[in-house]
Amino acid sequence: MRLFDTVPINWNLVELRDITDINPTHPDDQPQDHELASFVPMKKIEELTGRMDPSEIKEWGEINSGYTQFQDGDVVFAKITPSMENGKVALAKNLKNGVAAGSTELHVIRPSKKVLAEYILYFVLQEGFRRE
């Protein structure tokens with residue numbers, strides 16, 4: 001039995017791209033180069049917990065090029081093995097000034113107002129999603 005065969009009849013099936021922005025190139029509100037932001041290398045993203053450590057702080061001008069940019073409320077996840085298989089997925093929150101840059105090995109999913117970020121987080125954390 002496939003997952004979609006078990007969806008309640010009153011639910012709507014949608015594609016992820018219809019309710020999110022996949023791999024946006026920058027935060028909605030770009031900081032100035034002198035402003036501070038979180039820096040999140042892959043080692044600061046926990047496996048299977050949905051958490052990251054955003055405590056490393058740098059000036060935006062140092063990290064706004066050559067890294068993946070994201071903002072509070074985004075879901076980030078590793079795009080390569082073994083980090084993807086190990087569940088390196090996190091909901092970005094408590095970022096310095098609401099923005100961060102991190103590993104280039106991250107996908108970013110920015111939920112629209114149509115869906116809760118936590119729902120996207122739990123969806124991406126599923127083993128089946130990561131396996132596919």
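User: What makes β2 and strand β7 count as paired, and in which sense do they run, parallel or antiparallel?
Analyst: This is a predicted model, and in it β2 and β7 (residues 99-102) pair in the parallel sense over three bridges. Pairing needs at least two bridges, so three bridges meet the rule. One of the partners is A100 in β7, which bridges to S38.

User: Which sense does the pairing of β2 and strand β3 have?
Analyst: Antiparallel, over three bridges, with β3 at residues 57-59. Here S38 stands opposite I57.

User: Why is strand β2 called largely enclosed?
Analyst: Because four of the five residues in 36-40 are buried.

User: How do you know that D28 and R110 form a salt bridge?
Analyst: Their side chains come to 3.3 Å, N to O. The cut-off is within 4 Å, so the 3.3 Å pair qualifies. D28 sits in the loop between β1 and β2, R110 in strand β8, 82 residues apart.

User: What makes D28, D74 and R110 one network?
Analyst: R110 also meets D74 in a salt bridge at 2.8 Å, N to O. Salt bridges with shared partners then join D28, D74 and R110.

Conventions: Residues numbered from 1 in each chain as written. Predicted model: local features only at pLDDT ≥ 70, side-chain atom pairs only at ≥ 80, totals over all residues. Heavy atoms only, no water. Buried < 20%, exposed > 50% of the residue type's maximum accessible area, 1.4 Å probe, protein only. Helix = DSSP H or I, 4+ residues; strand = E, 2+ residues; numbered from the N terminus.
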